[in-house]
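This briefing concerns the protein shown below.

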Amino acid sequence: MDETAQRPARKGVYILPNLLTVGSLFCGFMGILWALEGRFDLTALAILVSCLFDGLDGKVARLTRTSSDFGVQLDSLCDLVAFGVTPAIMLYQWELHAFGRLGIMACFLVVACGALRLARFNIQSASGSKKFFVGLPIPAAGCIIATLYMFTQYVPDAFLESVMPKACLVMAYLVSFLMVSRVRYACFKEFGLLKAHPFRAMVTAILLFVMVASEPKLFGFLFFFGYMISGPIYTFFVLPRRSRALRESLQELS
């Protein structure tokens, strides 16, 4: 038998979406270096740019139909670095080193829960809902920490010394818990930019852009913080009411 016939066919990789994914990894790596140097403004910016690359690689893969299992696994590994390791090191170098072991464990929890979140997402992505994420997405968790640092310029100096270290500690545990929770978060993957949408959607997008562009450090944090609390509000308040209304309507029909 011909040996060449027994060899499995080699599968190639798509360069463009994976290159964007590696770009996200590079930004996360640079963020780690800047965090170790104490340049937290650049670290926060690197995390946000990583989020931009992370969104683009998925969009490009879907538009060009170049999605692959290799790209999914590479994306998860890069996300863990850019949105798990980098924000954790930033938090520790910035505020949480003052808490000793408690600060170390809080930062490690961000990384560990981020890894668990990505592993669960990879398993459930094939059969899960396309409209909602289960648990806070790790890019959102990383961006919350990044924009929290940017938001500190609006905080009075007295609160920076007394309140901000405790706020960072609480934020680390909060985003870690939300990442591995069953809380549902809106997924915007099906909101295609090339599809037709109602006119009010365009107006809303323009208003959001103007608000964030006018004060990016303020409204950037408010945007990601609002997304973080939207999950518990939807899961624990909106969904039970919808379920109750559905049961009542079914009882009336029966």
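Among contacts in the protein between residues at least 6 apart in sequence, what percentage join residues at least 24 apart? The share is 83%. The model under discussion is predicted, and the points below are grouped by topic.

**Overall architecture**

- The protein contains 10 helices and 2 strands.
- Read from the N terminus, the order of elements is α-α-α-α-α-β-α-α-α-β-α-α.
- The chain has 254 residues, of which 36% count as buried.

**Packing of α3 against α4**

- Helices α3 and α4 pack with their axes 11 Å apart and at an angle of about 165°. Angles over 145 degrees count as roughly antiparallel, and α3 is therefore roughly antiparallel to α4.
- The crossing in which α3 passes α4 is left-handed.
- On the α3 side, the contact involves F40, T43, A44, I47, S50, C51, D54 and D57. These meet D75, D79, A82, F83, T86, P87, M90, Q93 and W94 of α4.
- By class, the residues of this contact between α3 and α4 comprise 9 nonpolar, 4 polar and 4 charged.

**Packing of α5 against α8**

- The axes of α5 (residues 101-124) and α8 (residues 164-179) come within 8 Å and cross at roughly 20°. Since angles under 35 degrees count as roughly parallel, α5 and α8 are roughly parallel to each other.
- As in the pair above, the crossing has a stated hand: α5 passes α8 in a left-handed crossing.
- From α5, the residues L102, M105, A106, L109, V110, C113, G114, R117 and R120 take part. Their partners in α8 are L169, A172, Y173, V175, S176 and M179.
- The residues of the contact of α5 with α8 divide into 11 nonpolar, 2 polar and 2 charged.

**The nonpolar core**

- In soluble globular proteins, nonpolar side chains tend to be buried together.
- Here, the largest nonpolar core has 44 residues. Those with the most contacts inside this core are L91, L96, L136, V175, Y185 and M228.
- At least two residues of this core are supplied by each of α3 (40-63), α4 (69-94), α5, α6 (138-151), α8 and α10 (216-253).
- Helix α6 provides the largest share of this core, 10 residues.
- With neighbours within four places in sequence left aside, M228 is in contact with L136, I144, M171, L174, V175, L178 and Y185. Among these partners, L136, V175 and Y185 are also listed with M228 as having the most contacts inside the core.

- Is D54 buried or exposed? Its relative accessible area is 15%, and D54 is buried, because buried means under 20%.
- Apart from neighbours within four places in sequence, D54 contacts S24, D75, D79, F83 and P139.

**An exposed glutamate: E37**

- E37 is located in the loop between α2 (15-36) and α3.
- The relative accessible area of E37 is 54%, and the residue is exposed, because exposed means over 50%.
- The C-alpha atoms of E37 and Q93 are separated by 8.9 Å, although the two residues are 56 residues apart along the chain.

Technical notes: Residues are numbered from 1 along each chain as its sequence is written. This is a predicted model: local features need pLDDT of at least 70, side-chain atom pairs count only at pLDDT 80 or more; totals for chains, interfaces and linings use all residues. Side-chain values use heavy atoms; hydrogens and water are left out. Axes are lines fitted to C-alpha atoms, for helices over the stretch in contact, and angles run from 0 to 180 degrees between N-to-C directions. Helices (H or I, at least four residues) and strands (E, at least two) are DSSP runs, numbered from the N terminus. Angles under 35 degrees count as roughly parallel, over 145 as roughly antiparallel, 65 to 115 as roughly perpendicular and the rest as oblique. A crossing is left-handed if the near helix is turned anticlockwise from the far one by less than a right angle, and right-handed if clockwise. Contact means heavy atoms within 4.5 Å. Ala, Val, Leu, Ile, Met, Phe, Trp, Tyr, Cys and Pro count as nonpolar, Asp, Glu, Lys and Arg as charged, and the others, Gly among them, as polar. A nonpolar core is a set of buried Ala, Val, Leu, Ile, Met, Phe, Trp, Tyr and Cys residues joined through side-chain atoms within 4.5 Å. Buried means under 20% relative accessible area, exposed over 50%, partly exposed in between (1.4 Å probe, protein chains only).
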